[in-house]
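Please open the model in a viewer and keep the sequence panel at hand.

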Amino acid sequence: MTRRVDQIAPLALVTVFTVVVQGLSLMEFLPLPIALLIGAGWAVLVGTVARRISRRPTLSAWTEDGLVALGCVTMALFAFGGGIGLLMLGTALDSSSITGETMVTMFLPSIPIAIAANVPTELVVLPVLLVLGWRPGARRVLLVSAAALYFVHRIWTYLVFAPDRLDFAAAERSTTPLDATEKDQFAAALHVDDPRWILNLAIFLVLLLAAFFSRLREVRSRSGDDSTSLAEIPARA
């Protein structure tokens with residue numbers, strides 16, 4: 001019974017995570033039912049691939065540790081890059097000569113950077129880690145916690161921040177200095193008081209802590225003094 005639950009639980013989490021996150025991501029461009037269907041299809045694909053990887057202990061260990069490292073990099077980019085970006089935009093709005101054109105130009109580079117970090121994290125890193133890391137121990141707790149925090153982060157983003165910031169990217173690029181009212185409007189559209197960087201930092205720290213519980217080191221230690229081939233060790237993911 002326990003074994004059956006351990007097989008179903010991570011796949012169920014992957015499905016909920018992927019369907020909701022991808023549904024919210026794609027609903028700006030597609031009807032919601034189609035967006036959810038695409039999310040479900042991706043959940044099946046990524047879950048199936050992760051399951052197959054989990055049956056090969058060496059590959060599973062390398063993949064798991066590699067994805068944890070990649071997750072640390074992407075979330076560090078979000079936490080520190082995003083925090084610095086908000087400080088820059090907030091400081092720019094304090095200038096007496098800042099224009100709408102300058103504000104939009106400063107903001108636009110953050111969009112491809114955010115996409116480059118978001119796409120691998122939400123499509124591959126966390127869904128695959130939920131499957132590969134599903135075994136008793138501290139790392140499973142950390143990976144599930146990171147996925148849960150990121151899940152909240154993405155819902156928060158798509159429902160509150162994304163529409164305003166996408167509208168801002170298409171805002172009129174005035175070359176005259178902004179007045180006080182326009183600055184307030186820009187600050188609201190940009191959410192310069194955005195507290196999500198704190199959540200990004202929390203996810204980064206959780207993944208960084210998970211990196212200390214190396215799956216590859218665990219598998220190697222179970223193999224003894226190289227007396228047993230890694231391929232002969234049963235997978236526990």
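**The whole chain.** Begin with the entire protein chain, which is a predicted model. Colour it by secondary structure: the chain has nine helices and zero strands. Of its 237 residues, 42% count as buried. Among contacts between residues at least 6 apart in sequence, 82% join residues at least 24 apart.

**Confidence.** Next, colour by pLDDT. The average over the protein chain is 82, and 86% of the residues score at least 70. Select residues 225–237, where the pLDDT is below 50; in the model this stretch has 30 contacts beyond near neighbours in sequence.

**Helices α3 and α5.** Now select residues 57–92 (α3) and residues 110–132 (α5). At what angle do the axes of α3 and α5 cross? The angle is roughly 145°, and the two axes come within 9 Å. The crossing of α3 past α5 is left-handed. Show side chains at the contact: on the α3 side, the residues include Ser 60, Glu 64, Leu 67, Gly 71, Met 75 and Phe 78. Those of α5 include Ile 113, Ala 117, Pro 120, Thr 121, Val 124, Val 128 and Leu 132. By class, the contact of α3 with α5 comprises 15 nonpolar, six polar and one charged residues.

**The largest nonpolar core.** Within the largest nonpolar core, which has 33 residues, Met 75, Ile 203 and Leu 207 touch the most other members. At least two residues of this core come from each of α1 (2–26), α2 (32–54), α3, α5, α6 (138–169) and α8 (196–211). Which helix supplies the largest share of this core? That helix is α5, with eight residues.

Centre the view on Met 75. Leaving aside residues up to four places away in sequence, Met 75 touches Thr 121, Tyr 150, Asn 200, Ile 203, Phe 204 and Leu 207.

**A separate core.** Another core, of nine residues, lies apart from the largest one; Leu 93, Ile 98, Leu 178 and Phe 186 are among its members.

**Met 103.** Finally, select residues 100–107, helix α4, where Met 103 is found. Is Met 103 buried or exposed? Met 103 counts as buried because its relative accessibility is 0%, and the cut-off for buried is under 20%.

Technical notes:
Residues numbered from 1 in each chain as written. Predicted model: local features only at pLDDT ≥ 70, side-chain atom pairs only at ≥ 80, totals over all residues. Heavy atoms only, no water. Axes fitted to C-alpha atoms, helices over the stretch in contact; angles between N-to-C directions. Helix = DSSP H or I, 4+ residues; strand = E, 2+ residues; numbered from the N terminus. Left-handed = near helix turned anticlockwise from the far one by under 90°. Contact = heavy atoms within 4.5 Å. Nonpolar A, V, L, I, M, F, W, Y, C, P; charged D, E, K, R; others polar. pLDDT = per-residue confidence, 0-100. Core = buried A, V, L, I, M, F, W, Y, C linked by side-chain atoms within 4.5 Å. Buried < 20%, exposed > 50% of the residue type's maximum accessible area, 1.4 Å probe, protein only.
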